[in-house]
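Hello,

Here is the structure I promised to pass on to you.

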Amino acid sequence: MLSLALYGPSDAVPLALLADLKADLEITDNSSDARLNRLLLTASSLALDYIGRPIIAGEWQETIRVSPGEHLHEIVLSVFPVSDVRSIEHDGTLWGQEQLETLRLDAQAGLLSLQSHPRHGRWRHGLYIISYQAGFTPPSLIDGTPNVGTLPASISQAVLVTASALFSAGARDPNLKSESVQGVGSTSWNVSSGTGGLPQSAADMLEAYKGGHF
């Protein structure tokens, strides 16, 4: 099985609430809101890059090729958890409702399989276009009231830790730990290998979601 293309939401959204970031930074006025919102988006982008796969809720369309001779019993979708499979097209032919009802979905893992039947237990070779609803809903404000969404709290916390570090760093290197006047003292950094610009503690929180299924 080869996933050829994936299309879905592209708008950047913060994965944590501004109010939570301000509480962490002990900021009580609104003078820094524009900067904090920008840092939340930056931190969210860093977190998604580290995770290495799309996780935001939306309508996704994935093109998958099943090669001849491939005995495929499960299709692994790229975005999960999956809430609904809207349509499937196979070699240009749209599946009918009866065919869709043969699907078995492991929503949390994003696994699609067919009912166990000698003729229909395997996915036939060819090109599939699958449209589905999947992903986590980030926390948001609805009519001024916080809505926690479905995004795991550890992802939001990693974003808050990263945004706080970026805010505290200001114009400095975000990994800068301490600094002193030249000729008087020394400069040192918190260097974390392979965290993609995230503080190590934030990367640790995201490790379980990185790459494949969890």
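Tyr128 counts as buried, because its relative accessibility is 2%; buried here means under 20% relative accessible area, exposed means over 50%, and partly exposed is in between, with a 1.4 Å probe and protein chains only.

A word on the source before going on. This is a predicted model, in which local features need pLDDT of at least 70 and side-chain atom pairs count only at pLDDT 80 or more, while totals for chains, interfaces and linings use all residues. Residues are numbered from 1 along each chain as its sequence is written, and side-chain values use heavy atoms, with hydrogens and water left out.

Back to the aromatic residues. Searching the whole structure gives 2 aromatic pairs. Rings of Phe, Tyr and Trp (its six-membered ring) pair if their centres lie within 6.5 Å; planes under 30 degrees apart count as stacked, over 60 as edge-to-face, and the rest as tilted. Trp95 and Trp123 make a stacked pair, with 5.7 Å centre to centre and 15° between the planes. Trp95 sits in the loop between strand S5 (93-94) and helix H3 (97-100), and Trp123 in the loop between strand S7 (111-114) and strand S8 (126-134), so this pair ties together parts that are 28 residues apart in sequence. Helices (H or I, at least four residues) and strands (E, at least two) are DSSP runs, numbered from the N terminus.

Trp123 also pairs with Tyr128, this time edge-to-face, at 5.3 Å centre to centre and 85° between the planes. Both Trp95 and Trp123 are buried. Together, Trp95, Trp123 and Tyr128 form one aromatic cluster.

Next, the sheet. It is open and has 3 strands in the order S3-S7-S6, with antiparallel pairing; two strands pair if DSSP finds at least two bridges between them. At the edges are strand S3 (74-76) and strand S6 (103-106), each pairing on one side only. S6 and S7 are joined in the antiparallel sense over 4 bridges, and Leu105 stands opposite Leu112 in S7.

Is Ala208 buried or exposed? Ala208 counts as exposed, because its relative accessibility is 51%. Ala208 and Ile155 are 53 residues apart in sequence, and their C-alpha atoms are 9.9 Å apart in space.

Best wishes
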